[in-house]
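Here are a few exercises to work through with the model open beside you. Try each task before you read its solution.

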Amino acid sequence: MAEQSLMDKIVSLAKRRGFVFPGSEIYGGLANSWDYGPLGVELKNNMKQRWWKRFVHEWDDMAGLDAALIMNPKVWEASGHTAHFTDPLVECKKCHARFRADHIDVREPCANCKAKDSFTEAYQFNLMLKTFLGPAEEKANVAYFRPETAQAMFVDFKNVLDTTRRKLPFGIAQIGKAFRNEITPGNFIFRTREFEQMEIEYFIKEADWKESFELWRKEMWGWMTDELGLKKEHVHELEVQDGDRAHYSKRTIDFEYDYPFGRKELYGLAYRGDFDLKNHFKEPPYRDAETNELSYPHVIEPTWGVDRSVLAVLCDAYAEEEGRVVLKLKPRLAPYKAAVFPLLANKPELVQKARIVCAELKKHFMVAWDERGNIGKRYYSQDEIGTPYCITIDFDTLENDTVTVRDRDTLKQERVAVVDLVSYIAGKLGV
Ligand code: ATP
């Protein structure tokens, strides 16, 4: 499959089937903003729920947080974002197109108007998205939408500690929106100005940083391969070199994915030392229960972009085989876990029985209903959105209360008793 065409196919499938729509479309759109449609929101929610279960509920030492999107601007001064959260920007003097200086070769002609030697000197552009709190648009009321979820976990560190009485090591986890005034958003949902992150700040003793870094490195691989089902050969670690790392970080790894438009960052893992807590707390905020000593814990930060995960999963799951398009999503991520079909839509006894089966399954899973066209067309339609199991109610069902379950990947069909359907599907999903 040609690389570019894979991306085109995914964008078009996403729109046609209701995964992702262009934002504000009927008003001509809004520069690279995207809306998650009925199936996209399910896929994204499944992903976030799995992440929360895997890293918050299943851990003994993790605490969740859901902080405000707009924080006191002093947070961003202390964290260094006001001064340093910038990208180098160049502008073409002829057509005024703007680019990230580190994403283009400024000696080349402008990609927009082809003018030569037309770029301004690069200047540092702050990526925080500004707003005003209250009715007066004055400097004193300037506030920022958070550019990352991370800082709230440092700012609330003591509150979490006091209410959970945790001992090192322990983590704080958060899922939420972040905003960056990106100079050149693009590549579908890869780089947008509004996006979602899943982040953990894992607080440790300094001496343990290497061990903890390795632990999280393994956890991130487990998430990508076991949970998202990404093919191992499509993910790569990039060891961020000295000059490119934040000055306080002794080690950073970017996990990169082979997107159709190139190998690009999917997630990051950084050892941040005690930089953040020191920025926010004048006094050391942690007291060791045994030694009674006060200290600034050190931090390992694994960070996951939700939207980049959705895109990687769509790219990895997309396949064309035997005349069908199939999204081979991990069943737990699939928007619908099953689809229910009456064999013939014009036989009321089949439709009625199918409705009963569907209603029962809906108590447990997200289930689709389809009675249009023939069974082949219905399979085609469900394959395209990754539904792992299709259940057909036929005349035998009325006789012996069994149904046909067809597997999306193996195409095998099995006869399953209606009473066993819920446990059959739950077993396959591992829930
Ligand atoms: P990039 O170098 O691609 O701009 P970054 O290194 O600035 O990314 P981080 O600050 O490490 O990104 O953010 C953590 C994660 O948030 C990234 O690994 C990515 O998954 C996601 N992310 C960052 N910026 C965006 C964006 N503009 N749109 C969508 N996801 C993003």
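**Exercise 1.** Find the annotated domain and describe its span.

*Solution.* Start with the record: the unreviewed UniProt entry lists residues 8-335 as "domain: Aminoacyl-transfer RNA synthetases class-II family profile". UniProt positions follow the numbering used here, feature names are shortened, and annotations may be inferred rather than shown by experiment. Residues are numbered from 1 along each chain as its sequence is written. This is a predicted model, where local features need pLDDT of at least 70 and side-chain atom pairs count only at pLDDT 80 or more, while totals for chains, interfaces and linings use all residues. Next, look at the span: it is 28% helix and 30% strand, and its end C-alpha atoms lie 21 Å apart. Helices (H or I, at least four residues) and strands (E, at least two) are DSSP runs, numbered from the N terminus.

**Exercise 2.** Which residue in the turn between strand 18 and strand 19 has a positive phi?

*Solution.* Begin with strand 18 (residues 318-321) and strand 19 (residues 324-327), which pair in the antiparallel sense over four bridges. Tyrosine 318 sits opposite leucine 327 in strand 19. Two residues separate the strands of this hairpin, and glutamate 322 in the turn has a positive phi of about 45°.

Conventions:
Pairing = 2+ DSSP bridges.
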